[in-house]
Amino acid sequence: MSGSAPIPHAVSWNLTERCNLRCAHCYLDASQRSAPQPGELSLDECLRVVDELAGINPGLVLILTGGEPLLHPHLEPIVERAAAAGMTCVLGSNGTLLRREAAERLRDAGLRGVGVSLDSTDPAAHDRLRGVPGAWQRTVDALAVLRQAGMPFVVQPSIFSWNRHQIRGLAELALRLGAETVNFYFLVCTGRGQEMTDISPEDYERALEEIGELQRELSGRLMVTAKCAPHQKRIVHQQDDSSPFVAGYAGGCPAATNYFRLAPDGAVSPCPYIPSDGASVRRQGLSEIWRDDAQLVALRDRSALQGRCGACEYRDLCGGCRARAQAQTGDPMAADPACLYSPAGGAEARLAPERTFGGAAEFTLDWSDEARARLERIPSFLTAMVVTRVERAARERGLDHVTPALLQSVRDRSALAPRRTP
């Protein structure tokens, strides 16, 4: 695309506000409705959006979510169009509606994985949060369906004060259920979540330290990450600056720099927790919005970060959560109120190019056609890192030609790789 804007490597698309659950923390304030809300994009509009996304970056990760995306009447053709364009298309679901036939159809359409919400080791506690009795068991049943369909899946708990002590138990549960990854999401008080109390900065610190311990302990068996808590990079760096989990996007939180969100009516915003400033795919092309929208452009200027975030030596590695800053202070460039770290005034911690997501790939060796084809299946945010690591491994072995076998060998040794071959 033209202009100096970075390339988005991930897009989260709330396809619908419809949902079969009534979750206490829903940022979209989704509810149980019998029909799509007026204003949701039509199938033709959705397919046009997919084509526009492919024009910006055909290798991006497209996250289709809701509400509950399984209630969207056109989910399958959207998946099929995105997969045909080369995107890594995944689903974010509560899982309770997923049946074997639907899982197989979506797999055959090109879906690459599913992220499923599971918030407690205690079924009753999960059901209270999700607002429907029996939700926990139906979600667990859905994971069995995904295993049977050969569909990789991720378990995604949201962390609150009442389940903060279950982090280890939830990771162990995800491992037993067959997940490749557990993503712990930290609350941003928006939507119905405005009525909820976030955990304290002290509890954030302890929770993220525990997640760092689990990353090391479960390496090679389960990937363990934190979401909407970019200061985990600082904590992991402090624990072990050689950890593969220090890798990430330059600038930390990817909102507006490598990522954006689409709402059911086509509105565009930096992330699901930051309201749109009015940008919409019904009024402008996506490429123009991504390049020129004032809200997105402003958030890219990390030199404008204020308070402790602006003065912090981890500004480039972390950058703080911009949505949480806006939700709690009204200013997206304010210090992240969930972080208690006091900047030490040392040298700024920066990611090396081989540890930075989203860089430009530089090929210096010969790659076989098969290896190139396999590389194209890797999400674009990982391509440069993979090329760097694979070519380094080739040189260490005295090779000047990259094959699929070498790619697999490097993948098998990576702590950041899923356990299944794509």
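The side chain of R164 makes a polar contact with the side chain of E210, at 3.1 Å. A polar contact here is a pair of N or O atoms within 3.5 Å; within protein, one must be able to donate a hydrogen and the other to accept it, and residues adjacent in sequence count only if both atoms are side-chain atoms.

Before going on, a word on what you're looking at: this is a predicted model, where local features need pLDDT of at least 70 and side-chain atom pairs count only at pLDDT 80 or more, while totals for chains, interfaces and linings use all residues. Residues are numbered from 1 along each chain as its sequence is written, and side-chain values use heavy atoms, with hydrogens and water left out.

Back to R164. You'll find R164 in the loop between strand 6 (158-159) and helix 6 (167-177). Helices (H or I, at least four residues) and strands (E, at least two) are DSSP runs, numbered from the N terminus. Leaving aside neighbours within four places in sequence, R164 is in contact (heavy atoms within 4.5 Å) with I159, D203, R206, A207 and E210. R164 and D203 sit 39 residues apart in sequence, yet their C-alpha atoms are 8.0 Å apart in space.

Buried means under 20% relative accessible area, exposed over 50%, and partly exposed in between (1.4 Å probe, protein chains only).

| Residue | Relative accessibility | Class |
|---|---|---|
| R164 | 15% | buried |
| D316 | 14% | buried |
| S368 | 10% | buried |

S368 belongs to the loop between strand 13 (366-367) and helix 13 (369-375). Its side chain reaches the backbone nitrogen of A371 at 3.0 Å. Beyond four places in sequence, S368 is in contact with H401, V402, T403 and P404. As for D316, its loop runs between helix 11 (307-311) and helix 12 (322-329). D316 has contacts with two stretches of the chain, including Y249 and G252 as well as E348 and L351.

Now for helix 4 (residues 123-130), where A125, H126, D127, L129 and R130 are the buried residues. What do they pack against? The buried residues of helix 4 pack against helix 5. After helix 4 comes G131, and its phi is positive, near 80°.

Next up are the strands. Strand 7 (residues 181-186) and strand 8 run parallel, joined by 5 bridges; two strands pair if DSSP finds at least two bridges between them. F184 has A226 of strand 8 as its bridge partner. Strand 8 (residues 223-227) is mostly covered, with 4 of its 5 residues buried.

F184 turns up again in the largest nonpolar core, which has 95 residues; W13, L64, F184 and F186 touch the most other members. Helix 5 (residues 135-149) gives this core its largest share, 7 residues. A nonpolar core is a set of buried Ala, Val, Leu, Ile, Met, Phe, Trp, Tyr and Cys residues joined through side-chain atoms within 4.5 Å. A second, separate core has 14 residues, among them V387, A393, V402 and L406. In soluble globular proteins, nonpolar side chains tend to be buried together.
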